[in-house]
Amino acid sequence: MDCLFCKIINREIPADIVYEDDEVLAFKDIDPQAPTHMLVIPKRHIATLNDIEERDLSLVGRLPQTAAKLAKEQGFADEGYRVVMNCNENGGQTVYHIHMHLMGGRRFTWPAG
Ligand code: 5GP
Ligand code: ZN
């Protein structure tokens, strides 16, 4: 499959991997928008938020769970952080394999741009 993040999962493209288990992978974003910026992805290919099916629900739940675990490990869980999932063109999605951005280490504004 011609998917950048599937290639990272399959080690066909290198990435700075920070966490992996049977269901999810987390790695550093190549273009960080915060002092800490990681992406948490399911190992099963799901193109967009619109494509999540009933059978994916527990897997998708692992994304925020893993993000929170990493935030705690990296020491910014209590001060706070931002998680984002972009969907399709208006949402700013550029890689069509769902991913949760985990950003920490600075204050974020709201509403998002
Ligand atoms: P999106 O815009 O789809 O929400 O987020 C895609 C993210 O993937 C962007 O933040 C971008 O910097 C990151 N990204 C794109 N290509 C690569 C890559 O080859 N390696 C890594 N580690 N991140 C990437
Ligand atoms: Zn994929």
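User: How are the donor residues of the zinc ion (ligand 2) spaced in sequence?

Analyst: Bear in mind that this is a predicted model. The spacing of the zinc donors reads C-x2-C-x38-H-x51-H. Its two histidines link distant parts of the chain: His 45 sits in the loop between strand S3 (36-42) and helix H2 (57-74), and His 97 in the loop between H3 and S5, 52 residues apart.

User: How do you know which atoms coordinate the zinc ion (ligand 2)?

Analyst: By distance. A donor N, O or S has to lie within 2.8 Å of this metal. Cys 3 (SG), Cys 6 (SG), His 45 (ND1) and His 97 (ND1) come in at 2.0 to 2.3 Å, so they count as donors.

User: And what makes the arrangement tetrahedral?

Analyst: The angles do. For four donors, all of them must lie between 85 and 135 degrees. Here they run from 106 to 115°, so the arrangement is tetrahedral.

User: Why is the contact between Lys 43 and Glu 20 called a salt bridge?

Analyst: The cut-off is 4 Å from a Lys or Arg side-chain nitrogen to a carboxyl oxygen of Asp or Glu. Lys 43 and Glu 20 meet at 2.8 Å, N to O, so the pair qualifies. Lys 43 lies in the loop between S3 and H2 and Glu 20 in strand S1 (residues 17-20), so the bridge ties together parts 23 residues apart in sequence.

User: What about Glu 53 and Arg 55, what makes that a salt bridge?

Analyst: Their closest N and O atoms are 3.7 Å apart, and the limit is 4 Å, so this pair counts too. Arg 55 is at 59% relative accessibility, so it's exposed, while Glu 53, at 47%, is partly exposed.

User: Which residues touch the most other members of the largest nonpolar core?

Analyst: Val 40, Leu 63, Leu 70 and Leu 102, out of 16 residues. H2 gives the most to this core, with six residues. Another core, of 10 residues, lies apart from it, with Cys 3, Phe 5, Ile 9 and Phe 27 among them.

Terms used
Residues numbered from 1 in each chain as written. Chains lettered and ligands numbered in written order. Predicted model: local features only at pLDDT ≥ 70, side-chain atom pairs only at ≥ 80, totals over all residues. Heavy atoms only, no water. Donors = N, O, S within 2.8 Å, 3.2 Å for Na, K, Ca; no water. Tetrahedral: all angles 85-135°; square planar, octahedral: opposite > 155°, others 65-115°. Helix = DSSP H or I, 4+ residues; strand = E, 2+ residues; numbered from the N terminus. Core = buried A, V, L, I, M, F, W, Y, C linked by side-chain atoms within 4.5 Å. Buried < 20%, exposed > 50% of the residue type's maximum accessible area, 1.4 Å probe, protein only.
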